[in-house]
Amino acid sequence: MVDFFLPFYGKDGQKLWDARGSDAEIFMDSHRLLVHNLYVRLFSGWGSGMPRIILESPSAEFNGDDNCLSGADFIHVVGNLFTAIGSRWTFFGEGRSIILEQEVQVFFEANIVRTFSTASNGEPRKGEDFTTITAHALQISDSSQGFLLNFSQEVTILANDFKLTCDALEVEALYVDQAIFLDHGTAGEVLRSLRAEGNVHVEEPVRAIHADVMEFFPEEGVLLLSGNVSIAEDGMTFYGQKIFIRRGDKHVLVDSSAVVRRAIACDYDE
C-alpha cells in the first residue's frame with residue numbers, strides 16, 4: 001500500500017488525530033500494518049485543523065484491534081513548548097497518549113526553572129532560555145485542556161548550572177486561546193506546574209536542596225517543598241517538613257513543630 005493515510009474522529013465527528021506513511025505492509029491475518037516514514041498529528045479541540053503535537057518515526061506497527069501504533073525505532077515528538085526524542089514507543093489512539101520507554105530526552109526552548117534558580121552571585125537569572133530533561137521513560141497525555149509530561153526513573157533537569165534529580169517528574173501545560181497572526185491561527189500553551197517526587201535534589205552554585213516533593217508554579221511564582229526538606233546555603237543548613245517560597249518574598253515559611261521565618265537568597269524575577 002502506497003501513501004498510507006489513517007484518520008481518527010471523535011463522537012462529534014471532529015478529527016482527533018491522523019497518521020500518514022510513505023507506504024504500508026498489510027498483515028491480514030493479524031489486523032496489523034507495518035508503516036514506513038510515519039507522521040502523526042494530534043489536533044486541537046477548536047476544529048481549526050491545527051495540530052497540537054506531531055510524531056515522526058522511521059517505522060511503526062499499527063494494531064487495528066487496539067487502535068495503537070508502536071515502534072522500536074527512534075521517535076521525534078514536537079509540541080509548541082517542547083521537543084522529545086526516544087525509542088521503544090507506543091501511541092494509544094483512543095486515549096491520545098504516547099509512551100517512550102528508552103533514551104528519553106526532552107528539550108524546552110526556555111529555562112523553565114529560571115524564576116527560582118539563582119546565579120553564582122546570588123542574583124536571579126536572566127536571558128538564559130534552554131532546559132533539558134532526561135529519564136528512562138516518559139508518558140505524554142493529551143486532553144482538551146492541555147497535556148501532561150510524566151517522566152519516571154532517574155529523572156534529571158538541566159538548565160545552565162541548575163540541576164535537579166528525582167525519581168518522578170510531572171510537567172503540566174495548559175492550552176491558551178487561539179491567536180490570529182498574519183491571518184493564520186496559532187496554538188499555544190502555558191506551563192502551569194512542575195511536580196518532582198522521590199529523592200528530590202537540587203544543586204545550584206549558591207545552595208543545595210533536598211526534599212521528598214517539590215512543586216513549582218511558574219505563573220504564580222510559587223515553590224513548595226515538602227517532606228524532610230533541607231536547604232544548605234551560606235554555610236548553614238535549615239530543615240522543615242514544608243517550605244513555601246513566593247515570588248517577590250525574600251522569606252520562606254518553614255513548617256515543622258513550629259513556624260519559623262528565615263531570609264534566604266531565593267528572589268524571583270518579577
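Student: Is aspartate 18 buried or exposed in this predicted model?

Tutor: Buried means under 20% relative accessible area. Aspartate 18 has 0% relative accessibility, so aspartate 18 counts as buried.

Student: Which residue forms a salt bridge with aspartate 18?

Tutor: Look for a side-chain nitrogen of Lys or Arg within 4 Å of a carboxyl oxygen of Asp or Glu. Aspartate 18 forms a salt bridge with arginine 41, and the closest N and O atoms are 2.6 Å apart. Aspartate 18 lies in strand β2 and arginine 41 in strand β3, so the pair ties together parts that are 23 residues apart in sequence. Arginine 41 is also buried, at 19% relative accessible area. A network of salt bridges links Lys15, Asp18 and Arg41.

Student: How many salt bridges does the structure hold?

Tutor: There are nine. Among them is the one between arginine 207 and glutamate 233, at 3.7 Å from N to O. This pair links strand β14 with strand β15, across 26 residues. Both partners are buried: arginine 207 has 5% relative accessibility, and glutamate 233 has a relative accessible area of 8%.

Student: How do I read the pairing of strand β3?

Tutor: Side chains in a regular strand alternate between the two faces of the sheet. Here, β3 (residues 32–43) runs antiparallel to β4 (residues 51–63), joined by eleven bridges. Valine 35 stands opposite alanine 60 in β4.

Conventions: Residues numbered from 1 in each chain as written. Predicted model: local features only at pLDDT ≥ 70, side-chain atom pairs only at ≥ 80, totals over all residues. Heavy atoms only, no water. Pairing = 2+ DSSP bridges. Helix = DSSP H or I, 4+ residues; strand = E, 2+ residues; numbered from the N terminus. Buried < 20%, exposed > 50% of the residue type's maximum accessible area, 1.4 Å probe, protein only.
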